[in-house]
Amino acid sequence: MVYAIVRAGGHQEKVSVGDFVNLDRVPVAAGGTIELPALLLVDGDKVTSDANELAKVKVTAEVVESFRGPKIVIQKYKNKTGYKKRQGFRSALTKVKVTSIA
């Protein structure tokens, strides 16, 4: 089994060919392709972590769609002072499909 650990928007994701991964928003239209930098490559029993060899590895992904994540509710409250604050946040995400690891 071949898989790679890639850096994607401040996170690290374990990907293999055919996987769908949600990343932070990427400024590429649907149908476009992006290249993700590999941090580790596992090919059966062979593990590659050398930076010079990983520079040759290309992890290519196709952008499927851009969407917004679930709403996160942030609430602050202080007892007996009348202070309360409610705020929401939705992260901008991009769904990609990994097409090749070479």
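This is a predicted model: local features need pLDDT of at least 70, side-chain atom pairs count only at pLDDT 80 or more; totals for chains, interfaces and linings use all residues.
The protein chain contains 1 helix and 10 strands. Read along the sequence, these elements follow the order β-β-β-β-β-β-α-β-β-β-β. The radius of gyration of the protein chain is 19 Å, whereas the globule rule gives 13 Å for 102 residues; the former is well over the latter, so the chain is more spread out than a compact globule. Along the principal axes, the C-alpha trace spans about 60 × 30 × 20 Å. Of the 102 residues, 26% count as buried.

Tyr-77 lies in strand β8, which covers residues 72-78. The relative accessible area of Tyr-77 is 60%. Because a residue is counted as exposed when this value is over 50%, Tyr-77 is classed as exposed. Tyr-77 and Ser-66 are 11 residues apart along the chain, and their C-alpha atoms are separated by 34 Å.

A patch of positive charge is found on the surface, where Arg-25, Arg-68, Lys-71, Arg-86 and Arg-90 gather. One of these residues, Arg-90, is located in the loop between β9 (83-89) and β10 (92-101). The relative accessibility of Arg-90 is 38%. Buried residues have under 20% relative accessible area and exposed residues over 50%, with partly exposed residues in between; Arg-90 therefore counts as partly exposed.

Notes. Residues are numbered from 1 along each chain as its sequence is written. Side-chain values use heavy atoms; hydrogens and water are left out. Patches are made of residues with over 30% relative accessible area and no salt bridge: like charges are joined within 9 Å, nonpolar side chains (Val, Leu, Ile, Met, Phe, Trp, Tyr) within 5 Å. Accessible areas come from the Shrake-Rupley method with a 1.4 Å probe; for residues, only the protein chains shown count as cover. A salt bridge is a side-chain nitrogen of Lys or Arg within 4 Å of a carboxyl oxygen of Asp or Glu. Lys and Arg count as positive and Asp and Glu as negative; His and the chain ends are not counted. The place of a charge is taken as NZ of Lys, CZ of Arg, CG of Asp or CD of Glu. Helices (H or I, at least four residues) and strands (E, at least two) are DSSP runs, numbered from the N terminus. Buried means under 20% relative accessible area, exposed over 50%, partly exposed in between (1.4 Å probe, protein chains only). The radius of gyration is taken over C-alpha atoms; the globule rule is 2.2 Å times the number of residues to the power 0.38.
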